[in-house]
Every structure is written in structure tokens, then in C-alpha cells.
Amino acid sequence: MNKKTSIKKLFTGLFLLLALAMTASCSDWNDIETVGIDNQHAQDQNPELWARYLESLRVYKKERPHYITYASFANGIKSPVDEGDFLRSLPDSLDIVTLANAENMTSFDREDIPMLQEKSTRVLYLVDYAQKQPELTDAASLNAWLDKAVATATELNMDGFAFNGILNYGGSEAEQAAQKEAAKQIVSKLSATGKLLVFEGDPAFVDAADLSKLNYLVLNTADIEDAVRLKLHVTAIITTYALPKEKVILAAKIGLVLDDENLEPQDAVLEMTNRVVSLGPLCGLAIYAIGDDYYHAQMDYQVSRTAIQTMNPSM
């Protein structure tokens, strides 16, 4: 064996030993190891500061005059993808949150409701009559359906109800009369609970004598695309039904556009905040599809937070 062959074998052997050592080391590095992470809630980190924060929210929402921010949240997601699917992640500064899929609440929804209420956010059960109407063919079926809603809201200590309904202007007099009776039945049942009551939609659906029983009315403005039509629509409704402006809430939807008077397209939610003042001042703003506003590069719920801050800059 010559020297070159011996040296070659030596280096080959060293290389194999090094490779084995590195394999063993890499194996050690890649071993799965459980790491304990202490995910402390803010109230656990500093209970005193957390208590002061909750008190400031209570004072702001219940004692300080301000424009109301109302949100419609698409709850009921059985397999959440991220925090945007949870009620607990909504902005703390919201005054009212209505569960748009209240009939199908998940265990996640039930766990999160008290978290919102701790921050003085009122949580409402949506009685979605506009969607359910074809199935509710008589007073008995409607009453049974309402009883279930009241029972669930009572069980979960929810703060009240929102309801909707669509008056069929093209229907017969008998059909319209039946819809009016249904509206009376809904208001009678829900107002008897003594909880907050909100109507979403065209006030024509509600009997005139029952309008005073509503705490707030969210007008059907979310699909209006230009400021001129918006102004005419809101002015006509307030005048026709003699609605108190302090009860009227305008609605806008995340992701839509509202053209201003110069036909310049603006973000519907942000532009609608200006109309809350110029068309009233009115009570506040309802944000539909708020979950679609969850992720932004700078902060979660960026549009919603900006709208709230715009209406209430001193909050």
C-alpha cells in the first residue's frame, strides 16, 4: 500500500466518522421537545391595571356621550381558522355586537360572550325573520321560534335582541297585513323581556305604534353606493316615520365603496362616519361583515378602529 492510498483511506474514515457525528447531532437538534409557554391574560399580568382599563371602558360606553358603534358579526364558525373568527378578538371599543348567526352558536361563541360583556360591550341575539319568514307560516310557529330565541338569550345572559324583516310592497293587502302582524308579534315578545331591542332594515316593516319600543333603528343603507342617494334616503325615512335622530344608526359594509358628492369612490365605512354627523347628528354607525376587516398589516380591524376614532376622537 503506498502513502497516497493510506492517506486517502484515512481521510475517508475521518469523513465517515464526522458524518455519523453530525447525523447524531442533527438528530438531537430535531428531536421534538415540549416547551412550556405561559400565555398570561392581561388581567393576570397586572390585575389592577386591567381593572382600571375595564372601568374606563364602562365609563366611556355607559356614561360619556359618544357616537354608538354597532357591529354585525358572522358567528357560528365550527372550525375557526384564525383569531378573526372569534368574538373575543373584536375591538374593545365596540358598543354593541349582534350575532348574525345566533341560531347556530358554537361553544366558542358561548365562551366569548362574557369576555365582551366584561368590556361593557352589549351582545345581541339576531332574530333573522327576513331569512326565516318562509318557514313561519302562522302565529304559532312564529311564537315557538321566538320562544327559543328568548330562551337562548336568557340562558347566556345576553343583553338583548336585534330583528329584521322585509315588507313585501308588491304583495297583496292580505300578505302585507300578515307581515305587519308578524312584526307586532316579534316586538311584543322581545320587548317584554325588558332587554335592548334593535330593528335592522326599513322601518315600514314595523307597526308605527311599535317604533317607540325600539332602542335603536339600523337603517338599510349598507348597499347604497353614492352620497346623494344616501342623503335623500335617510332624510325621507326620518321624516316619514318621525324617527328620533338619537335612535337612528346608519349602516355600512366592510369592503364596499361609497361615492362622495364629487363621485369620488371612498371606503364605505369610513365615508359613512362623516354622514353620521352631517345627516343628523345621528346616533352612530353599524358595521356589517366586520370579520372581513380582521387582518391588516398595521393592526387588526384597522378600518373599524379608524371609524370609531373618527366619530369619537377623544375616546
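Q: Is F108 buried or partly exposed?
A: F108 is partly exposed, at 31% relative accessible area. Buried means under 20%, exposed over 50%, partly exposed in between, with a 1.4 Å probe and protein chains only. This is a predicted model: local features need pLDDT of at least 70, side-chain atom pairs pLDDT 80 or more, while totals for chains, interfaces and linings use all residues. Numbering runs from 1 along each chain as its sequence is written, and side-chain values use heavy atoms, without hydrogens or water.

Q: And F86, buried or exposed?
A: F86 is buried, at 9%.

Q: Which residue lies over the face of F86?
A: R88, at 3.8 Å from the ring centre. The rule: NZ of Lys or CZ of Arg within 6 Å of the ring centre and within 35 degrees of the ring normal.

Q: How many aromatic pairs are there?
A: The count is 7. Rings of Phe, Tyr and Trp (its six-membered ring) pair if their centres lie within 6.5 Å; planes under 30 degrees apart are stacked, over 60 edge-to-face, the rest tilted.

Q: Why is the W50 and Y53 pair tilted?
A: Their planes sit at 40°, so the pair is tilted; the centres are 5.6 Å apart. W50 is buried at 13%, and Y53 is partly exposed at 31%.

Q: What about F86 and F108 as a pair?
A: Edge-to-face, with 5.4 Å between centres and 90° between planes.

Q: Which rings form a cluster?
A: Ring pairs link Y129, F163, F199 and F205.
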